[in-house]
Amino acid sequence: MATLQELKKKLKGIQSTVKLTKAMKTVSSVKFSKLNRLYSENLQYMEACNSFYSAYSEEIDRYIPSASDGAPPAVFVMASNKGMCGGFNTEIFSYFLKEKGSFPENTLFFPCGKKAVAFFEEKRIPYERSFIFDDAPTVEEIRAFLDEILSMREKNMISAVYAVYPHFKNVMKQLPETAVLFAPSEKKECESEALTEFFPDRETVFKNVADIVIFNKVYDLVLQTALGAQAATLTTMRAASDTATAYCAKLQTDINRKRQSEVTADVIETAQG
């Protein structure tokens with residue numbers, strides 16, 4: 001049985017854990033609220049873009065940079081920068097290992113996030129280069145990321161582009177999925193629609209729409225990854241904080257009982273003289 005001093009020492013350690021988990025829970029809650037607002041606002045915009053794209057997909061695809069069919073496909077594996085987020089990263093990596101065999105042998109891999117880089121190095125999986133985003137990714141760094149992808153396609157370094165990412169369902173659930181950013185061949189011929197008027201002209205409109213559609217795809221994937229990471233961290237820290245708080249209460253009760261037991265024993269000894 002633990003002594004009173006050992007119980008006090010253990011209580012002090014658990015109290016430190018409570019403070020740490022509560023602090024991390026607060027930080028994650030703030031970041032999650034900010035990202036959730038951005039994601040909700042962008043979701044409405046994406047629906048409008050997808051609606052326009054579905055109506056003119058063939059013509060919009062003509063203005064999306066293409067690559068040679070002989071170039072290797074690329075897979076971007078997206079994960080968080082930090083740990084302490086439960087099984088968030090583990091689920092993504094397990095899903096990736098299952099899907100990895102379905103890609104051609106010459107596929108190029110690009111880990112995105114510090115945990116993804118660490119996973120590739122631990123498993124000794126070759127990769128071309130890595131990308132690290134902020135916990136709350138900005139439009140500028142996502143634009144730079146997209147420009148890198150487009151540059152590699154224009155140089156025929158990659159052809160089809162896929163992304164393994166955590167699809168955000170809700171705070172409790174983020175499911176790994178594979179998204180297609182660029183299909184193997186994007187160039188399509190389509191018939192002109194003379195009944196629709198475009199300003200300033202048809203080509204300018206579809207060029208701009210193509211850029212918006214591509215950027216929104218990438219922005220949504222990066223945003224969902226960041227949002228899922230904060231949601232998983234928030235859930236994990238909340239559970240850890242509640243568990244540690246409950247254990248503190250139990251230890252405090254054990255200490256009180258132990259102290260009362262020792263006082264009673266001292267009184268009995270004194271009475272027996």
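This presentation describes the overall form of one protein chain and then several of its residues.

Colleagues, the structure before you is a predicted model, in which local features need pLDDT of at least 70, side-chain atom pairs count only at pLDDT 80 or more, and totals for chains, interfaces and linings use all residues. Residues are numbered from 1 along each chain as its sequence is written, and side-chain values use heavy atoms, with hydrogens and water left out.

I begin with the chain as a whole. The protein chain contains 5 helices and 4 strands; helices (H or I, at least four residues) and strands (E, at least two) are DSSP runs, numbered from the N terminus. Read from the N terminus, the order of the elements is α-β-α-β-α-α-β-β-α. The radius of gyration is 27 Å, well over the 19 Å that the globule rule gives for 273 residues, so the chain is more spread out than a compact globule. Here the radius is taken over C-alpha atoms, and the rule is 2.2 Å times the number of residues to the power 0.38. Along the principal axes, the C-alpha atoms fill a box of roughly 110 × 40 × 25 Å.

Of the 273 residues, 41% count as buried, where buried means under 20% relative accessible area, exposed over 50%, and partly exposed in between (1.4 Å probe, protein chains only). The chain exposes about 15,400 Å², and carbon and sulfur atoms supply 54% of that area. Accessible areas come from the Shrake-Rupley method with a 1.4 Å probe; for residues, only the protein chains shown count as cover. Among contacts with a separation of 6 or more, 74% come from residues 24 or more positions apart; a contact means heavy atoms within 4.5 Å.

As to charge, there are 34 positive and 35 negative side chains, and the centres of the two sets lie 12 Å apart. Lys and Arg count as positive and Asp and Glu as negative, while His and the chain ends are not counted. The place of a charge is NZ of Lys, CZ of Arg, CG of Asp or CD of Glu.

I now come to the aromatic residues. The structure holds 20 aromatic pairs. Rings of Phe, Tyr and Trp (its six-membered ring) pair if their centres lie within 6.5 Å; planes under 30 degrees apart count as stacked, over 60 as edge-to-face and the rest as tilted. One of these pairs, phenylalanine 93 with phenylalanine 119, is stacked, at 4.2 Å centre to centre and with 5 degrees between the planes. This pair links distant parts of the chain, 26 residues apart: phenylalanine 93 belongs to helix H2 (residues 88-100) and phenylalanine 119 to helix H3 (residues 114-123). Both phenylalanines are buried.

Phenylalanine 215 and tyrosine 219 have ring centres 5.8 Å apart and planes at 15 degrees, so this pair too is stacked. Both residues lie in helix H5 (residues 202-272), 4 residues apart, which is about one turn of the helix. Phenylalanine 215 counts as buried at 14% relative accessibility, as does tyrosine 219 at 9%.

Which residues do ring pairs link into a cluster? They are Phe93, Phe96, Phe109, Phe119, Phe120 and Tyr127.

Helix H5 also holds glutamine 230, a residue that counts as buried at 8% relative accessibility. Apart from neighbours within four places in sequence, glutamine 230 is in contact with Ser28, Lys31, Phe32, Leu35 and Asp135.

Helix H1 (residues 4-61) includes serine 33 and lysine 34. Serine 33 is partly exposed, with a relative accessible area of 44%, and lysine 34 is partly exposed, with a relative accessible area of 44%. Lysine 34 and alanine 229 are 195 residues apart in sequence, and their C-alpha atoms are 13 Å apart in space. For serine 33 and valine 209, 176 residues apart along the chain, the C-alpha separation is 30 Å.

Finally, I draw attention to two backbone angles. Methionine 84 is not a glycine, although it has a positive phi of about 55 degrees. Methionine 84 sits in the loop between strand E1 (74-78) and H2 and is partly exposed, with a relative accessible area of 47%. Arginine 124, likewise not a glycine, has a positive phi of about 55 degrees. Arginine 124 lies in the loop between H3 and helix H4 (139-154). Is arginine 124 buried or exposed? At 76% relative accessibility, arginine 124 counts as exposed.
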